[in-house]
Amino acid sequence: MKILVCISKTPDTTAKIAFADNNTKFAADGVQWIINPYDEWYALVRAIELKEADAATAIHLVTVGLADTDPIIRKALALGGDEAIRINADSHDSYYIASQIASIAKEGNYDLVFTGKETIDYNGSSIGGMVAELLDLPYVSLATKFTLEGTNAIIIREIEGGEETCKVQLPVVVSCQKGMAEQRIPNMKGIMGARSKPLKVVEPAAMDTFTSIASFDLPPAKAGVKLVSADNPEELVRLLHEEAKVI
Amino acid sequence: MSVLIFLDQADNNIKKSSFEAAGYGAAIAKQIGVAAEAIVLGTVNDDLTTLGQYGVTKVHTVKNDALNNVDAQVFTKIIADAATAIGATVIVFSNNFNGKAIAPRLSVRLKAGLVSGAVALPDTTSGFIVKKNVFSGKAFANVSINTAIKIISLNPNSFSVATTSAMAEVIEFATTITDAKVKVTSTDKVVGEVPLSEAEIVVSGGRGLKGPENWGLVTELAKLLGATTACSRPVADIGWRPHHEHVGQTGLAIAPNLYFAIGISGAIQHLAGVNRSKTIVVINKDSEAPFFKAADYGIVGDAFEVMPKIIDAVKKMKGIS
């Protein structure tokens with residue numbers, strides 16, 4: 001079994017969001033970077049669990065990013081990836097990124113490609129579906145459970161107001177979310193071992209980009225909270241009914 | 001040339017988020033001076049001619065029970081065929097579960113740039129620029145789509161739909177349906193409650209409620225308001241409430257008209273999932289709780305004392321004694 005896990009670098013969940021260069025760039029100064037939580041907690045950890053159940057499993061990691069992505073991919077190796085490929089490019093275009101990943105995936109002949117359900121920075125939720133289409137593979141999005149049954153995967157995915165169980169023959173592309181696995185902390189053995197695991201850097205293939213970011217905006221500041229006395233909660237109901245008109 | 005809108009269904013009924021997509025797609029069609037056409041796959045009970053009221057002139061249908069479960073590969077092929085047949089230059093989805101599964105595939109298939117999570121009509125004064133949520137609701141990006149065909153998926157509850165009395169023409173779209181590789185073996189739905197992703201009012205509880213036995217305060221208010229219930233991450237993690245109720249950065253991101261938070265401190269990760277709500281109410285006994293900074297209305301007080309009074313006041317307002 002060969003699993004490819006797609007890893008993305010994102011600002012920490014508590015990072016201050018601000019923009020530079022006339023609001024055309026994310027202000028990255030002083031920002032702490034993490035593995036995108038969906039990629040780490042759910043996609044990668046579930047892949048590690050599959051390897052723990054079957055030692056013959058190989059976990060390869062792929063990321064599209066410049067050299068400043070290396071600490072993130074090393075952390076993913078410390079958690080339990082076997083080897084990693086970094087495609088040396090910086091892009092915010094989902095199609096370009098998916099095309100790079102798909103070209104790696106094609107060469108590697110993977111049984112499973114895992115992504116997180118979205119990144120917490122650009123919230124595209126697009127890479128998994130695009131990679132699947134580029135590889136002409138089935139795609140199960142927003143998976144909350146994943147088990148193997150021979151050469152089939154039994155996957156539970158979230159749908160509007162509930163979930164559905166589906167069965168699909170490998171290979172398959174799966175986007176992972178809460179429920180797939182639990183967050184893990186890398187241990188010292190993993191961290192030491194990660195230093196000697198292969199991290200291959202490849203130059204990007206020539207691919208199209210479909211979109212570009214023209215500018216960023218911050219939402220208008222909130223007017224401030226209107227506090228109602230705890231002695232008079234009826235006033236809150238009146239305000240919601242008559243002023244906000246939401247009930 | 002036209003705008004093609006994909007309308008998805010659940011249990012043979014078109015979803016609310018799809019009506020928003022219809023209105024949004026029709027507004028784009030008007031803006032660029034082309035017709036708005038829709039496509040509905042599977043068997044639905046809705047009278048599709050009424051889609052005219054959202055500005056759609058033609059509805060293409062493929063009535064086949066095999067399409068009542070969504071397989072992204074099968075759907076992508078049919079929608080791509082329809083888009084090509086009618087010469088669609090813009091294709092609109094709702095950025096819901098099915099939209100997230102299909103739109104990225106279609107983007108590759110048609111070599112059409114995709115913006116997912118749009119929150120406003122595109123700016124077409126020079127080029128084609130779509131505003132979308134980024135950084136989990138903490139900012140917007142204005143994204144230029146540089147391909148001939150454009151795909152937009154609209155965030156639910158971010159576009160107000162105007163309706164008219166027009167009628168749409170319903171046409172069967174002739175196509176071949178490929179076999180689904182993803183076989184759905186069972187579905188499990190919460191019956192009788194509006195799904196969180198579509199709810200207009202959400203009542204949510206956090207650790208401040210001290211235990212699952214106190215959730216009556218949340219569910220009673222929710223029932224009175226026709227709201228859906230939600231919870232913070234710790235509450236789902238301890239098992240007081242089911243995981244599908246967890247809203248926040250790593251749970252579901254929602255944008256209801258009213259988000260009513262009881263005993264939730266408002267950690268930045270929680271805010272990332274609810275900050276697009278139009279009105280936020282916070283009940284918390286800690287006046288320093290960060291949630292008050294993001295709230296529109298608040299009460300600093302003990303939920304166990306405040307909530308019964310609020311519930312009584314809502315009953316009075318609704319004429320229930």
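This is a predicted model: local features need pLDDT of at least 70, side-chain atom pairs count only at pLDDT 80 or more; totals for chains, interfaces and linings use all residues.
**Entry 1: the domains of chain B**

I began with chain B. Its domain assignment gives domain 1 (2-172) and domain 2 (196-317). I looked up how far apart they sit. Their centres, taken over C-alpha atoms, are 32 Å apart.

Next I asked how many residues meet between the two domains. On the domain 1 side of chain B there are 11, and they contact 13 residues of domain 2 of chain B. I then looked up the buried area. Domain 1 and domain 2 of chain B bury about 950 Å² between them. Carbon and sulfur atoms account for 38% of that area. In domain 1 of chain B, the residues that lose the most area to domain 2 are K16(B), S136(B) and N157(B). Together these three make up 49% of what that side buries.

I turned to charged pairs. The rule finds 1 salt bridge across this domain interface. I noted a salt bridge between E200(B) and K16(B), with the closest N and O atoms 3.7 Å apart. That pair counts because the cut-off is 4 Å. I also found 7 residue pairs in polar contact between the two domains of chain B. The domain 1 side of this contact has 2 nonpolar, 6 polar and 3 charged residues.

I moved on to the two chains. The size of an interface is often given as the accessible area lost when the parts come together. I looked that value up here. Chain B and chain A bury about 6,900 Å² between them, with 58% of it on carbon and sulfur atoms. Which three residues supply more of chain B's buried area than any other three? They are F97(B), F135(B) and Y297(B), and they supply 12% of the area that chain B buries against chain A. The contact involves 87 residues from chain B and 76 residues from chain A.

I counted 6 salt bridges between chain B and chain A. Over all chains, the count is 25. I followed E133(A) in particular. Its salt bridge with R105(B) has its closest N and O atoms 2.6 Å apart. E133(A) also meets R109(B) in a salt bridge, at 2.7 Å from N to O. This second pair crosses between chains: R109(B) is in helix α3 (residues 97-109) of chain B, and E133(A) is in helix α4 (residues 127-135) of chain A.

I then checked polar contacts. Across the interface of chain B and chain A there are 38 residue pairs. The chain B side of the contact divides into 39 nonpolar, 29 polar and 19 charged residues.

**Entry 2: a sheet with strands from both chains**

Strands of a sheet pair through backbone hydrogen bonds, either parallel or antiparallel.

I checked the join between the chains. Strand β15(A) runs parallel to strand β17 (residues 297-300) of chain B, with 2 bridges between them. There, K226(A) stands opposite Y297(B). Y297(B) was also one of the three residues I listed for buried area.

I also checked a pair within chain B. Strand β13 (residues 201-205) and strand β15 (residues 258-262) of chain B are parallel over 5 bridges. S204(B) stands opposite A261(B) in β15(B).

**Entry 3: backbone exceptions in chain A**

Most residues other than glycine have a negative phi, and most peptide bonds are trans. I looked for exceptions in chain A. The peptide bond from L170(A) to P171(A) is cis, with omega near 0 degrees. P171(A) is in the loop between β11 (162-169) and β12 (172-176) of chain A.

Where is N23(A) found? It is in the loop between β3 (19-20) and β4 (25-26) of chain A. N23(A) is not a glycine, yet it has a positive phi of about 60 degrees.

Conventions: Residues are numbered from 1 along each chain as its sequence is written. Chains are lettered from A and ligands numbered from 1 in the order in which they are written. Side-chain values use heavy atoms; hydrogens and water are left out. Domain bounds come from an automatic or database domain assignment. Contact means heavy atoms within 4.5 Å. Buried area is the accessible area (1.4 Å probe) that two parts lose on being put together, summed over both. A salt bridge is a side-chain nitrogen of Lys or Arg within 4 Å of a carboxyl oxygen of Asp or Glu. A polar contact is a pair of N or O atoms within 3.5 Å; within protein, one must be able to donate a hydrogen and the other to accept it, and residues adjacent in sequence count only if both atoms are side-chain atoms. Ala, Val, Leu, Ile, Met, Phe, Trp, Tyr, Cys and Pro count as nonpolar, Asp, Glu, Lys and Arg as charged, and the others, Gly among them, as polar. Two strands pair if DSSP finds at least two bridges between them. Helices (H or I, at least four residues) and strands (E, at least two) are DSSP runs, numbered from the N terminus.
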